[in-house]
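Okay, everyone, thanks for coming. Let me put the model up on the screen, and then I'll walk you through a few places in it.

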Amino acid sequence: MSKADTIKARAPRGFADRGPADLAASERMLAKIRETFELYGFDGVETSFVEYTEALGKFLPDQDRPNEGVFSFQDDDEQWLSLRYDLTAPLARFVAENFDALPKPYRSYRAGWVFRNEKPGPGRFRQFMQFDADTVGSASVAADAEMCMMAADTLDNLGLAGQYVIKINNRKVLDGVLEAIGIAGEGQAGQRLTVLRAIDKLDRLGADGVAQLLGEGRKDESGDFTKGAGLSPAATERVLAFTQAQGATGAETIENLRKVVSGSARGEEGATELAEIAALVETSGYADRVIIDPSVVRGLEYYTGPVYEAELTFQVQDEDGRPVRFGSVGGGGRYDGLVGRFRPEPVPATGFSIGVSRLFSALKAVKSPIVSGSEQPGPVVVLVMDKDQVASYQRMVSTLRKAGIRAEFYLGSSGMKAQMKYADKRNSPCVIIQGSNERERGEVEIKDLIEGAKAAAAMGSNAEWKAARPAQFSVAEDKLVDAVRDVLSRHFG
RNA sequence: GCAGCCGUAGCUCAGUUGGUUAGAGCACCAGAUUGUGGAUCUGGGGGUCCCCCGUUCAAGCCGGGGCGGCUGUACCA
């Protein structure tokens, strides 16, 4: 094929490949999370990647693309299907479908890939993994409090103790504020959403930026203008007061919130729920890590009560020295309406999702031992010295494999030097060499590549390096397994 | 989507007022060493200078359009 006809090999933007080191590291991390979730009594359950589009949201497909932000396609019966964009909506479908058979409350967890057709960026992918736990069928705030405590325990178990905070708020309190400024009406849903999104940007834009978005609008640094919610200065002031209601203690925060929502029954209900959660958190000894923060709103519209967010508090810098913001590595909340869409009766539910990919990046950035532990050693490589002896090399490899040792013989077509380079690149602990000399003596040469590399540092010329044959020794062929085990135990215990 | 910046080898980049055959470092392959991974030296492969149109005797360089990337912003149910 001529060069002009070849296809450019590239992963679609926002999608990433993962190598052996990352795979092993994320396995370790997932195991820690799973351990914690199971300790809390959650059972694993997995749902499919693809759902009927209507099951994922309240939308119905209308055009070629039913919904921006979701990867969708049409089945041969013309029904619209979508790749799941989170694990919560599919779980709601699963619970509704198997409702009669499941114990209530139903407590389950799952890890899996989710897909969003959005603009990717650093730490933002179009395919990423979430680890999710939900309690379906309990309206008790104890279920919400438990989610927050489990989030804290999970991060502790990942070695992040003292480096995060779990923030809680309540949508009902926010509803109370919106009522108070007079935009709770039917026709004002759009405006409410704009207010919600503006508050969500508090950590990034600061109070001034949010005030602009609540009012007329805001111009960003590239000169682009974003239209605001159009609130009056007094209303803007009241919303900001709500986001800044956090006091020195939880009790103080709740007092402040009660003032902001006074007169709204729903707002006061929300404040009471927060007080109950705070009490549970306090008695369980999590009050230092799980705190009430009125600035947390979360973007998803389906939340109906308590919402929570896990945020890392440390800062790291990228290779250019710029600070990296990880922001939220997990979040969740109460979604009492989601399962009910499939059933005649309402079903209360609450859940928490960890953004696995983002948390993984964060753990790597702080060089956590869970993700930066040494890469798995490569296989023992049996060199092919004589092509007509492949059967005997195959036999050695089988012997090693039967002893539980990762091994392979060289399947390429290059000479010995290239085979050594191959073994080096494979991260092999040692190579097995048997040419005619060794074969006549019934022996094999074993070269310890790790030890050899150390010895190399001390040598100057290549002639010296070759003559010394560092870390290389000969054993009888039937002692192959024992000798390789010696080398392995020397380096990996 | 909107705005700003950018696009030369696998990677990071240089390339003069527009001027002959477009370069470097790293990486890769080979040889020095016909049986030894490092280091050193020597050589080699690799380019639609993002694409198209235009200006010009002449375009990697200038102009227009398109595509792609990065950053900000919006969206993220």
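Let's start with a quick one: in which loop is A471 found? A471 sits in the loop between helix 17 and strand 20 (472-476); helices here are DSSP runs of H or I with at least four residues, strands are E runs of at least two, and both are numbered from the N terminus. Before I go on, the housekeeping: this is a predicted model, where local features need pLDDT of at least 70, side-chain atom pairs count only at pLDDT 80 or more, and totals for chains, interfaces and linings use all residues. Residues are numbered from 1 along each chain as its sequence is written, while chains are lettered from A and ligands numbered from 1 in the order in which they are written.

Back to A471. It isn't a glycine, yet its phi is positive, about 60°. Most residues other than glycine have a negative phi, and most peptide bonds are trans. A471 counts as partly exposed because it has 18 C-beta neighbours inside 10 Å. The cut-offs: 20 or more other C-beta atoms within 10 Å is buried, 12 or fewer is exposed, in between is partly exposed, with C-beta atoms placed from the backbone.

E78 is another non-glycine with a positive phi, about 70°. You'll find E78 in the loop between strand 3 (72-74) and strand 4. With 7 C-beta neighbours inside 10 Å, E78 is exposed. And there's a cis peptide bond from K104 to P105, omega near -5°; P105 is in the loop between helix 3 and strand 5 (106-115).

Now the overall layout. Chain A splits into domain 1 (16-372) and domain 2 (380-492), with bounds from an automatic or database domain assignment. Their centres, taken over C-alpha atoms, are 53 Å apart.

Next, helix 10. Just after helix 10, G285 has a positive phi of about 85°.

What about the binding site? An unreviewed UniProt entry places that feature at several positions, including D86 and Y302; such annotations may be inferred rather than shown by experiment, feature names are shortened, and positions use the numbering here. Leaving aside neighbours within four places in sequence, D86 is in contact with V114, Q130 and S353, contact being C-beta atoms, placed from the backbone, within 7 Å. Y302 lies in the loop between strand 10 and strand 11.

Methods. Two residues are in contact if their C-beta atoms, placed from the backbone, lie within 7 Å.
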